[in-house]
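The report that follows describes a single protein chain, from its overall fold to selected residues. Please keep the sequence and the model in view while reading.

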Amino acid sequence: MKESPLINKSKEFALEVLKVCKELRGIKCGGVLINQFIRSGTSIGANIREAFYAHSKADFVAKLQIALKECFETEYWIELLIDGGYYNNKKIQEKCIEIKKMLIASINTAKENMKWQVLKLKMFFWKMAMFT
């Protein structure tokens with residue numbers, strides 16, 4: 001399978017999350033906050049990768065939607081870290097937002113493609129019914 005930009009960016013993001021958390025441990029940031037940030041931040045890429053091996057289009061969309069939820073949660077943890085004064089580099093927030101936008105676009109495209117497939121099937125069965 002050809003690697004997708006979404007897979008690559010989410011993996012790079014997960015690695016960045018791990019680096020940030022290593023820094024945060026050094027300044028004695030709350031362990032619960034760090035753990036939640038690691039869980040949600042690395043889960044995005046895991047769910048995206050899983051989506052590319054989905055059993056169906058619906059499964060693919062469902063996995064991407066889970067990744068999107070994790071992205072929203074990660075964005076929240078980043079906001080807490082920045083607003084709480086624990087971390088001041090907003091590049092990780094920008095990367096999270098970029099992945100979120102890519103996920104939204106991918107989900108919308110996949111859903112639209114699913115609609116067209118259903119419409120084609122309906123047309124096929126309608127034509128079959130007319131000639132029988």
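## Cysteines

Cys 96 is buried, with a relative accessible area of 1%, where buried means under 20%, exposed over 50% and partly exposed in between, for a 1.4 Å probe and protein chains only. Cys 21 also counts as buried, at 0% relative accessibility. Cys 96 is in no disulfide, the nearest cysteine sulfur being that of Cys 71 at 3.8 Å, whereas a disulfide is a pair of cysteine sulfur atoms within 2.5 Å. By this rule the count of disulfides is zero.

## Basis of the model

This is a predicted model, in which local features need pLDDT of at least 70 and side-chain atom pairs count only at pLDDT 80 or more, while totals for chains, interfaces and linings use all residues. Residues are numbered from 1 along each chain as its sequence is written, and side-chain values use heavy atoms, with hydrogens and water left out.

## Overall fold

The protein chain has four helices and zero strands, and its pattern along the sequence reads α-α-α-α. Helices (H or I, at least four residues) and strands (E, at least two) are DSSP runs, numbered from the N terminus.

Of the 132 residues in the protein chain, 36% are buried. The chain exposes about 8700 Å², of which carbon and sulfur atoms supply 59%; accessible areas come from the Shrake-Rupley method with a 1.4 Å probe, and for residues only the protein chains shown count as cover. Among contacts (heavy atoms within 4.5 Å) with a separation of 6 or more, 72% are between residues 24 or more positions apart.

## Packing of α1 against α2

The axes of helix α1 (residues 5–26) and helix α2 (residues 31–51) come within 8 Å and cross at roughly 165 degrees. That makes α1 roughly antiparallel to α2, because angles over 145 degrees count as roughly antiparallel, those under 35 as roughly parallel, 65 to 115 as roughly perpendicular and the rest as oblique. Axes here are lines fitted to C-alpha atoms, for helices over the stretch in contact, with angles from 0 to 180 degrees between N-to-C directions.

Residues of α1 that meet α2 include Leu 6, Phe 13, Val 17 and Cys 21, and on the side of α2 the residues involved include Ile 34, Phe 37, Gly 41 and Ile 48.

## Gln 93 in helix α4

Gln 93 lies in helix α4 (residues 91–130) and counts as buried at 15% relative accessibility. Leaving aside neighbours within four places in sequence, Gln 93 is in contact with Ile 78, Glu 79 and Ile 82.
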